[in-house]
Structures are given as C-alpha cells and as structure tokens.
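Student: Could we go through this protein together, one question at a time? I would like to see how each answer is reached.

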Amino acid sequence: MDLTNIRGIAFDVDGVLSPNTIPIGEDGQPCRLLNVKDGYAIQLAVKKGLKLAIISGGRSKAVALRYRNLGVDDVYMGAAFKLPIFEQWLEEAGLDASEVIFVGDDIPDLRVMEHAGISVAPADAAWQVKEAADYISPCDGGHGVAREIIEKVLTAHGMWMDDEHAFGW
C-alpha cells in the first residue's frame, strides 16, 4: 500500500475513533470514549500539514469540541449520508479522492470507502466493510486505529518523529 501520495484522512467516529459500545447517560445521550494515543497522532498530523476530517452520523457536541481542540477544523456531525459531505470536504480542502484515506466501520461508511483512494476498516468492523476495505487495521475501533494509520502515513512522508513537534502537544 503506497502512502506517499496521501494528503488527507477522514474518519468516522463511532466504531473507529470510539469503541463500538457506547454508554448512555441519564439524559439519553451517548458518552463516547476516545483514545488518547489517537489524539496525540491527530494533533501531530495537523501540525505536519496532513488534512483531516471527522465525518460522523452522531451529533455529539463533545466529540466535535474534542477534535477541534486537537486542531481538526473539518468536523462534520449529523452526517446521515456521508458521501456528499466527503465530496464537499475534498473540494474545500483541494484534495483528490485518490489522495485520501477514509476509515469506516459500518454500512453507512461503505459509499465513502468506495470513493476514497484507500479505505481502512478497524479489526472489529462489520464484515461487509472489512470485505470492501483496502486495509484492515489490527486495532479495534477506539483502540488506536487513527494512531496506526496516521503513523503509517507520516512515516511514508518521513515526518513521524522527525522534529521537535513530535515530542509535545
């Protein structure tokens, strides 16, 4: 898998950046668990100039705030149909689909995965998604998928652990 032309990565949230199981609060709102090592890799990728997007069907303000705090400007919540949002992001970011990885885990992600240059699924993704994926991460959703993919892309570009930005938040 050649990652040297990759300039952007888009992630689903539930089942990718958070585990498949989500606790529900007393108010009926889901509470996501997010991986700290994913967060470190995401903020570093932003500093290195990789274009990142979050495209989720969920509507969590906390999730949107978390990724904006890590430097991700393109956070799309409430995306019931993800492909039009993905295409809009490509246009606004000046990216071609061939330059982008999309990481998804379930049926709503399939159309975007078919459109992206490289599609990635977590180890515990739905079987249909794993069948469609170009790469299946050894990590389950919420357990380092983003870290693994970002590390691979930045390494392919010679930008992983290469300067002072790698050693801080």
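Predicted model: local features only at pLDDT ≥ 70, side-chain atom pairs only at ≥ 80, totals over all residues.

Student: Which element gives the most to the lining of the largest cavity?

Tutor: Two elements, β5 (118-121) and α6 (145-156), each supply at least two residues of this lining. With three residues, the element that gives the most is α6.

Student: What volume does the largest cavity have?

Tutor: Rolling a probe the size of a water molecule over the atoms shows where empty space is left. In this model the count comes to one cavity of 30 Å³ or more. The volume of the largest cavity is about 30 Å³.

Student: How far does α6 reach from its first C-alpha to its last?

Tutor: Helix α6 has twelve residues, and at 1.5 Å a residue a span of 16 Å is expected.

Student: What do the buried residues of α6 pack against?

Tutor: The buried residues of α6 are Val145, Ala146, Glu148, Ile149, Ile150, Val153 and Leu154. An α-helix has 3.6 residues a turn, so residues three or four places apart point the same way. The elements that the buried residues of α6 pack against are β1 (8-11), α1, β4, β5 and β6.

Student: With which side chain does the side chain of serine 137 make a polar contact?

Tutor: Serine 137 lies in the loop between β6 (135-136) and α6, and at 1% relative accessibility serine 137 counts as buried, because the cut-off for buried is under 20%. Leaving aside neighbours within four places in sequence, serine 137 is in contact with Ala121, Pro122, Ala123, Val145 and Glu148. The polar contact, at 2.4 Å, is with the side chain of glutamate 148.

Student: Which residue caps the N-terminal end of α1?

Tutor: Helix α1 covers residues 36-47, and a side-chain oxygen of the capping residue lies 2.8 Å from the backbone nitrogen of lysine 37. The residue that caps this end is asparagine 35.

Student: Is glutamine 43 buried or exposed?

Tutor: Glutamine 43 is found in helix α1, where the side chain of glutamine 43 reaches the backbone oxygen of tyrosine 40 at 2.9 Å. What covers the buried residues of this helix includes β2 (51-55), α2 (61-69) and α6. The relative accessible area of glutamine 43 is 4%, which is under the 20% cut-off, so glutamine 43 is buried.

Student: Why does leucine 95 count as buried?

Tutor: The place of leucine 95 is in the loop between α3 (82-93) and β4 (100-103). Leaving aside neighbours within four places in sequence, leucine 95 is in contact with Arg7, Gly8, Lys51, Trp89, Leu90 and Val100. Leucine 95 counts as buried because buried means under 20% relative accessible area, and the value for leucine 95 is 9%.

Definitions and conventions:
Residues numbered from 1 in each chain as written. Heavy atoms only, no water. 1 Å grid on protein atoms, 1.4 Å probe; cavity = no way out; pocket = protein on both sides within 12 Å on 5 of 7 lines; lining within 4 Å. Points joined across faces, edges and corners; volume = space filled by probe spheres on them. Helix = DSSP H or I, 4+ residues; strand = E, 2+ residues; numbered from the N terminus. Expected span 1.5 Å × (residues − 1). Contact = heavy atoms within 4.5 Å. Polar contact = N/O pair within 3.5 Å; in protein donor to acceptor, adjacent residues only side chain to side chain. Buried < 20%, exposed > 50% of the residue type's maximum accessible area, 1.4 Å probe, protein only.
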